[in-house]
Amino acid sequence: MFLESTAVAPDAAGGNNAAALQQMGFESLVQNFDAVGWIVFITLAIMSVMSWYWIIINFLKNIRLRGRGDRVTGTFWETPNAQDAIRFMEEQPKSEPFSKIALDAAQAAAHHQRSDGSRLSESLNRSEFVDRALRQGVTRESMRLESGLTVLATVGASAPFVGLLGTVWGIYHALIAIGSSGDASISAVAGPVGEALIMTALGLFVAIPAVLAYNFYVSSNRVTNNQFDTFAHDLHDFFATGSRVGEVAGKR
């Protein structure tokens, strides 16, 4: 009898441990959610959707910008006639930033020329007026590049703490259940605690892509902003003096 009972005990313990491990899953976690658990889970889901939306949008935006930027600026400078070059810029999509900066400079130069002899031309010379228009254009396009980055930064910074809140709340309820039942075995502890730790993993799963994407797009936008500045300086030279630096005036 003694040998028989000792032979059954390990099997029972093993069965209890196996049952406890089966409870440490996402399905069991969702089934045991209370109000706070659902709020945390839905918040993480919304954060994930918003994060991936802006990751994809900015990825497509950067691909289009890389594909068109050099072609647009190159065509502008290679077009022998200034009016044809401006017309080419007007034909570009609204989302293309280099063409909008060039059009800002062209419109400012044309407006200043039409106002020759007026109080505008007396208060601001052509170079200052074009420079102000270019600064506004570069600032506007730079701000458009940063769309969605605030969301990515917020998700990357806060999602781990939202997941941690779910974990702390889950462990709190697990300890209350263990205390009320008086059972501190692995079958009583592993399931609830393991389920609670899944919330921390979900928070990290949401945060890590957002942080990586934010850092990548900030670096990419820094390069693009440098291209904006370079192009704007060349545009200022052209519309203020009639030629780029290094070119013969009146080439066009």
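**Ground rules.** I number residues from 1 along each chain as its sequence is written. Local features need pLDDT of at least 70 and side-chain atom pairs 80 or more, while totals for chains, interfaces and linings use all residues, and side-chain values use heavy atoms, without hydrogens and water.

**Confidence.** I looked up pLDDT (the predictor's confidence in each residue, from 0 to 100). The protein chain has a mean of 79, and 74% of its residues reach 70 or more. Helices here are DSSP runs of H or I, at least four residues, numbered from the N terminus. Residues 1-15 stay under 50 and have zero contacts beyond four places in sequence; contact means heavy atoms within 4.5 Å. Residues 248-252 are also below 50, but I find 13 contacts there beyond near neighbours in sequence. Where pLDDT is low, the predicted coordinates should not be read in detail.

**Asp104.** I found Asp104 in helix H5 (residues 97-114). Is Asp104 buried or exposed? Its relative accessibility is 17%, so Asp104 counts as buried (under 20%; exposed is over 50%, partly exposed in between, with a 1.4 Å probe on protein chains only). Asp104 touches Ala133, Gly137 and Arg140, leaving aside residues up to four places away in sequence.

**H5 and H7.** I then checked helix H7 (residues 126-145), which packs on H5 at about 155°, axes 9 Å apart. Axes are lines fitted to C-alpha atoms over the stretch in contact, and angles run from 0 to 180 degrees between N-to-C directions. The pair is therefore roughly antiparallel (over 145 degrees).

Key
Helix = DSSP H or I, 4+ residues; strand = E, 2+ residues; numbered from the N terminus. Parallel < 35°, antiparallel > 145°, perpendicular 65-115°, else oblique.
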